[in-house]
Amino acid sequence: MKAQALADHLAENPVDDDYEPLKTYFPDEEVMCVDEVDQDEKPGWKLFFDGAANMKGVGVGVVLISETRQHYHVTAQLRFHCTNNMVEYEACILGFRLAVDMGVQEILVLGDSDLLVHQIQGE
């Protein structure tokens, strides 16, 4: 799934008091095997972020993953006009605020905005 499609969906469907999760059925007829994957990744906090700006609105989404693989999800609908690049910054800032509030000292930040990633790296 393209990240933009997911970000658009989150921006267009904010969670409110009337929220009910989708009831979907995904048949597993073509699944041959389900197994646990042993990942050799370096343990640590990870931050994934993305944003979307379109004619229907502006939204951001963040997933913060702890060292113990606990997932913390945050989405927000912005109430001001932004370009796509500005939305990426807002999403990253939201993720940083969440990490700071949780006392995270070191984090791996992952996003699909080349502009933002290169600026954060000082390039």
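**Notebook: helices, sheet and cysteines**

I began with helix α1, residues 3-12, and found that α1 lies across β1, β2 (57-65) and β3, running at about 70° to β1. I note at the outset that this is a predicted model, and I read every entry below with that in mind.

Next I looked up which residues of α1 are buried, and they are Ala 7, Asp 8 and Ala 11. These three cover an arc of only 100° around the axis, and therefore they sit on the same side of α1. I then checked what the buried residues of α1 pack against, and the partners are β1, β2 and β3.

I turned to the other helix that I had marked against the sheet, α2, which spans residues 84-101. Helix α2 lies across β1, β2, β3 and β4, and its direction makes an angle of about 145° with β1.

For the sheet itself, I wrote down an open arrangement of 4 strands in the order β3-β2-β1-β4, with mixed pairing. Strands β3 (71-78) and β4 (107-111) stand at the edges and have a single partner strand each, so one side of each is left without a neighbour in the sheet. From one strand to the next, the twist averages 15°.

As a place to look in the model, I noted Leu 47, whose bridge partner in β4 is Val 109.

Stepping back to the whole chain, I counted 3 helices and 4 strands in the secondary structure of the protein, and from the N terminus on the elements follow the pattern α-β-β-β-α-β-α. Among the contacts with a separation of 6 or more, 59% are between residues 24 or more positions apart.

I also looked up burial and surface for the protein as a whole. Of its 123 residues, 27% are buried, while the accessible surface comes to about 9,800 Å², with 53% of that belonging to carbon and sulfur atoms.

My last entry concerns the cysteines: how many disulfides does the model contain? With a disulfide taken as a pair of cysteine sulfur atoms within 2.5 Å, the count comes to 0.

Note on methods. Residues are numbered from 1 along each chain as its sequence is written. This is a predicted model: local features need pLDDT of at least 70, side-chain atom pairs count only at pLDDT 80 or more; totals for chains, interfaces and linings use all residues. Side-chain values use heavy atoms; hydrogens and water are left out. Two strands pair if DSSP finds at least two bridges between them. Helices (H or I, at least four residues) and strands (E, at least two) are DSSP runs, numbered from the N terminus. Axes are lines fitted to C-alpha atoms, for helices over the stretch in contact, and angles run from 0 to 180 degrees between N-to-C directions. Contact means heavy atoms within 4.5 Å. Buried means under 20% relative accessible area, exposed over 50%, partly exposed in between (1.4 Å probe, protein chains only). Accessible areas come from the Shrake-Rupley method with a 1.4 Å probe; for residues, only the protein chains shown count as cover. The arc is that of the directions from the helix axis to the C-beta atoms.
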